[in-house]
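Please look over the chain shown here before reading on. The report is written for someone who meets this structure for the first time.

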Amino acid sequence: MDAKDIAQDFEHVLFTADQVQDRITELGAQIDADYEGKELLLIGVLNGAIMVMADLSRALRSHCTMDWMAISSYGSGTKSSGVVRILKDLSTDISGKHVLIVEDIVDTGLTLSYLVQNLQSREPASLEIMTMFRKPEAITTDVDVKYVGFDIPNEFVVGYGLDYAGRYRNLRDVGTLAEHVYR
């Protein structure tokens, strides 16, 4: 699905599908260079990172393995309580491995900070983060993200894995959702 198919749902498109794919290709080349000669384990954070993980893994020119985690930061309404729980843990032992966490978006960074601490305790050889989108204005905790696709404004965005109420994940473009959709 493209933004033009549901244009009434958007304020504006931030990135087209082509821009997203071009950036994934660039990130893949950078990651290949940084991990040359090392076996890389990609850990995708469900559900949002599905699109990013699929496209990034195909953009890599070297072998990688993959695993998935599902974590939840829950609370009331749209606000997080800061309490994080693991809904699906890894099936892979990451001890001694070069790990790259693959995220769709870094917003406040609170959930990701918890995930990094959790994975560091499992003693990987290295642990880095890749996110397709980052909201610098929304970050409230220090999280070192090595690979960033795009910095975006602190707006409600959907597409390329980012959703609203489970919808829009399959949108190839990324855009700011119109207020009438979520109010």
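What follows describes a predicted model, beginning with the whole chain and ending with a few single residues.

## The chain as a whole

The secondary structure of the protein chain comes to 4 helices and 9 strands, and from the N terminus on these elements run in the order β-α-β-α-β-β-β-α-β-β-β-β-α. The C-alpha trace spans about 50 × 35 × 25 Å along its principal axes. The radius of gyration of the protein chain is 16 Å, which agrees with the value near 16 Å that a compact globule of 183 residues would have.

Among contacts in the protein chain with a separation of 6 or more, 65% are made by residues 24 or more positions apart. Of the 183 residues, 46% count as buried.

## Surface and charge

The protein chain exposes about 9500 Å², and carbon and sulfur atoms supply 46% of that area. As for charge, the chain has 17 positive and 28 negative side chains, and the centres of these two sets lie 4 Å apart.

## An open sheet of three strands

Which strands form the open sheet of 3 strands, and in what order? The order is β1-β9-β8, and the pairing is antiparallel. The edge strands are β1, residues 10-15, and β8, residues 157-158, each of which pairs on one side only.

Strand β9, residues 174-177, pairs with β1 in the antiparallel sense over 4 bridges. Within this pairing, L177 in β9 is the bridge partner of F10, while F15 stands opposite V174 in β9. The antiparallel pairing of β8 with β9 runs over 2 bridges, and here V157 has T176 in β9 as its bridge partner.

## Strand β6 and its parallel partner

Strand β6 covers residues 126-134 and is mostly covered, with 7 of its 9 residues buried. Strand β5, residues 98-106, pairs with β6 in the parallel sense over 8 bridges, and one of the bridge pairs joins L100 to E128 in β6. In a regular strand the side chains alternate between the two faces of the sheet.

T131 has its place in strand β6. Why does T131 count as buried? The reason is its relative accessibility of 0%, since buried means under 20%. Not counting residues up to four places away in sequence, T131 touches E103, D104, I105, V106, V145, Y147, V148 and G149. In the case of V148, the C-alpha to C-alpha distance from T131 is 5.1 Å, although the two are 17 residues apart in sequence.

## Two buried serines

S72 has its place in strand β3, which takes in residues 64-74, and it counts as buried at 17% relative accessibility. When its neighbours within four places in sequence are left aside, S72 is in contact with V83, V84, R85 and L87.

S113 lies in helix α3, residues 110-120, and is likewise buried, with a relative accessible area of 17%. Leaving aside the neighbours of S113 within four places in sequence, its contacts are with T141 and V143.

## Backbone details in the loops

Most residues other than glycine have a negative phi, and most peptide bonds are trans. Against that background, a few places in the chain deserve a careful look.

The peptide bond from L46 to N47 is cis, with omega near 0°. N47 lies in the loop between β2, residues 40-46, and α2, residues 50-59.

The loop between β8 and β9 holds Y160, which has a positive phi of about 50° although it is not a glycine. A165 also lies in the loop between β8 and β9, and A165 has a positive phi of about 55° although it, too, is not a glycine. Are these residues buried or exposed? Y160 counts as buried because its relative accessibility is 4%, whereas A165 counts as exposed because its relative accessibility is 69%, the cut-offs being under 20% for buried and over 50% for exposed.

Definitions and conventions: Residues numbered from 1 in each chain as written. Predicted model: local features only at pLDDT ≥ 70, side-chain atom pairs only at ≥ 80, totals over all residues. Heavy atoms only, no water. Buried < 20%, exposed > 50% of the residue type's maximum accessible area, 1.4 Å probe, protein only. Contact = heavy atoms within 4.5 Å. Rg over C-alpha atoms; globule rule 2.2 N^0.38 Å. Areas by Shrake-Rupley, 256 points an atom, 1.4 Å probe, with all protein chains shown as cover. Lys, Arg positive; Asp, Glu negative; His and termini not counted. Charge placed at Lys NZ, Arg CZ, Asp CG, Glu CD. Pairing = 2+ DSSP bridges.
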